[in-house]
Amino acid sequence: MSKKIIFSLFIIFSINNAIFAAPKNNFVPGVSDLPVPINFTLKDDSSSVFFSDAGRIVEATFEGKGEYDDILNFYNKTLRALGWKIKGKLKYSREGEILRIHLNIRGENLEIEFSLRPEKK
């Protein structure tokens with residue numbers, strides 16, 4: 001096997017372990033393949049999911065314990081492996097959608113805000 005195939009299998013295995021180790025509710029509502037780190041929970045009344053002819057619109061905020069740089073690295077690695085293309089710092093695109101992630105330090109906690117929208121044409 002080539003090094004590229006072995007590396008790809010390693011990435012997929014690593015992501016699967018991270019995803020399956022997480023509780024079943026540790027995904028962004030409305031986006032079944034957008035994982036949330038294990039120590040983070042959805043904030044009350046912070047999510048909304050809409051479907052329209054233009055595409056889906058998803059907003060959600062999670063809160064938990066984590067280091068800013070660790071979360072940044074988690075999403076840069078994980079989302080690329082899931083087919084997202086990096087468009088900027090914590091901005092990704094895939095299949096006509098734009099995903100923006102904002103990290104906010106709130107005292108001892110970190111908030112992760114997700115915003116998914118159809119890509120403007």
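## A tour starting at the β5–β6 hairpin

Start by selecting β5 and β6, which form a hairpin with two residues between them; in that turn, E95 has a positive phi of about 45°. This is a predicted model, so colour by confidence if you like, and we will come back to that colouring at the end.

**Stop 1: around E95.** Show residues 91-94 for β5 and 97-106 for β6; E95 lies in the loop between these strands. The two strands pair in the antiparallel sense over four bridges. Is E95 buried or exposed? With a relative accessible area of 75%, E95 is exposed.

Stop 2: Follow β6 onward to β7, residues 109-118. Here too the pairing is antiparallel, over ten bridges. Two residues separate β6 and β7 in this hairpin, and the one to pick in the turn is G107, with a positive phi of about 65°.

**Stop 3: another positive phi.** Now jump to D45, in the loop between β1 (40-42) and β2 (48-52). D45 is a residue other than glycine with a positive phi, near 55°. Its relative accessibility is 84%, so D45 counts as exposed.

**Stop 4: helix α2.** Select residues 68-81 to bring up α2. If you put a distance between its end C-alpha atoms, you should find 20 Å; this agrees with the 20 Å that 14 residues should span at 1.5 Å a residue. Which residues of α2 are buried? They are I71, L72, Y75, N76, T78 and L79. Step just past the end of the helix to G83, which takes a positive phi of about 95°.

**Stop 5: Y75 and the core.** Stay with Y75 and show what surrounds it. Leaving out residues up to four places away in sequence, Y75 touches L34, P35, V36, P37, R80, L90, Y92, I101, I112 and F114. Y75 also belongs to the largest nonpolar core, a set of 22 residues in which V28, Y75, L99, I101 and F114 have the most contacts. To see where this core comes from, colour β3 (55-64), α2, β6 and β7: each supplies at least two of its residues.

**Stop 6: zoom out.** With the whole chain in view, you can count two helices and seven strands. Tracing them along the sequence gives the pattern α-β-β-β-α-β-β-β-β. Of the 121 residues, 35% count as buried. The accessible surface comes to about 8,000 Å², and 54% of it belongs to carbon and sulfur atoms. Among contacts with a separation of 6 or more, residues 24 or more positions apart account for 45%.

**Last stop: confidence.** Return to the pLDDT colouring. The chain averages 84, and 79% of the residues score at least 70. Then select residues 16-24, where the pLDDT is below 50; in the model this stretch has five contacts beyond near neighbours in sequence. Where pLDDT is low, the predicted coordinates should not be read in detail.

Conventions. Residues are numbered from 1 along each chain as its sequence is written. This is a predicted model: local features need pLDDT of at least 70, side-chain atom pairs count only at pLDDT 80 or more; totals for chains, interfaces and linings use all residues. Side-chain values use heavy atoms; hydrogens and water are left out. Buried means under 20% relative accessible area, exposed over 50%, partly exposed in between (1.4 Å probe, protein chains only). Contact means heavy atoms within 4.5 Å. Accessible areas come from the Shrake-Rupley method with a 1.4 Å probe; for residues, only the protein chains shown count as cover. A nonpolar core is a set of buried Ala, Val, Leu, Ile, Met, Phe, Trp, Tyr and Cys residues joined through side-chain atoms within 4.5 Å. Two strands pair if DSSP finds at least two bridges between them. The expected span of a helix is 1.5 Å times one less than its number of residues. pLDDT is the predictor's confidence in each residue, from 0 to 100.
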